[in-house]
Amino acid sequence: MYDRLVTYVEKNGGQMFTNLSEYEYTHLIPNWVKDNSNHVKTKWTIDLTDKSIIKLLEEFNGSVTIKDFVKSRKYEWDDAFYIPDVSDTKNALRVIHNFINRQGSELIGGLVIRDFIELKNIGRHLKSHTPIFEEYRVFYIGNEPLVVINYWNDRKINLSTEDKKVIMNAPKEVKAKFYTIDFARKSNGKLVIMEMGDGQVSGLQGFDEQKFYDLLWENLPESRA
């Protein structure tokens with residue numbers, strides 16, 4: 001669909017700020033995970049047979065989480081997201097089959113398996129009752145942070161000097177102009193990259209829309225040409 005959008009805009013004399021390759025780089029997890037070392041161990045397969053899935057599981061120990069190349073079903077924590085022990089193949093396949101079946105035609109790319117790391121727990125989601133962790137979503141224009149958002153609430157953001165260094169250094173290898181990086185705090189206090197996304201399709205998580213678009217306008221001189 002994005003390819004079609006780019007084609008339409010260009011045929012009508014316009015130009016997308018984010019081209020197709022940039023969109024796919026940040027939107028699909030295998031693309032960006034290869035270029036950044038400060039993230040959770042991540043492996044993937046487009047072969048969804050049990051044989052291929054079991055082979056992929058064997059690259060991990062202990063607990064993992066699953067998603068496709070874009071989305072997870074983390075609000076279905078025990079049924080379609082979290083696998084407490086990869087050595088329990090029967091349960092692992094149950095969770096993975098649930099995920100694949102429930103994603104259905106919306107499954108993108110294939111299956112992604114990621115290490116489950118201990119994060120700083122800050123409570124449970126009000127609706128799904130799944131655990132939530134200290135996380136921050138940062139919108140970037142080029143290599144510069146545009147805004148830092150507390151992912152789960154609007155509390156004041158208190159970032160250490162080390163946190164700020166991590167946020168500033170994270171986008172060095174990113175091949176896009178407008179994107180997000182989601183950071184989570186590990187139980188040892190350090191930030192780790194959890195997700196990356198295209199800035200056009202990443203939610204504001206309650207951040208004031210008008211303030212966001214004002215900041216965006218101020219930092220997009222191309223839009224005034």
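Analyst: On a 1 Å grid over the protein atoms alone, a cavity is a set of points where a 1.4 Å probe fits but cannot get out, while a pocket is an open set with protein on both sides within 12 Å along at least five of seven lines; lining residues have an atom within 4 Å of a point. A volume is the space filled by probe spheres set on the points, with grid points joined across faces, edges and corners. This is a predicted model, where local features need pLDDT of at least 70 and side-chain atom pairs count only at pLDDT 80 or more, but totals for chains, interfaces and linings use all residues. Residues are numbered from 1 along each chain as its sequence is written, and side-chain values use heavy atoms, leaving out hydrogens and water.

User: How much space lies in the second largest pocket, and what lines it?

Analyst: By that volume rule, about 210 Å³. Its lining is Met1, Tyr2, Asp3, Leu20, Tyr23, Glu24, His27 and Leu28. Two or more of these residues come from each of α1 (2-11) and α2, and α2 gives the largest share, 4 residues. Helices here are DSSP runs (H or I, at least four residues), as are strands (E, at least two), numbered from the N terminus.

User: What about the largest pocket: what is its volume, and which residues are closest to its centre?

Analyst: The largest pocket has about 870 Å³. It is lined by 40 residues, and Lys67, Ser72, Lys74, Tyr151 and Glu195 are the closest to its centre. The largest share of that lining, 5 residues, comes from β10.

User: What makes a lining residue nonpolar, polar or charged?

Analyst: Ala, Val, Leu, Ile, Met, Phe, Trp, Tyr, Cys and Pro count as nonpolar, Asp, Glu, Lys and Arg as charged, and the others, Gly among them, as polar. On that basis the largest pocket's lining has 20 nonpolar, 10 polar and 10 charged residues.

User: Now the helices. Why are α4 and α6 called oblique to each other?

Analyst: Helix α4 (residues 50-57) and helix α6 (residues 89-103) pack at about 120°, with their axes 11 Å apart. Axes are lines fitted to C-alpha atoms, for helices over the stretch in contact, and angles run from 0 to 180 degrees between N-to-C directions. Under 35 degrees is roughly parallel, over 145 roughly antiparallel, 65 to 115 roughly perpendicular, and the rest oblique. So α4 and α6 are oblique.
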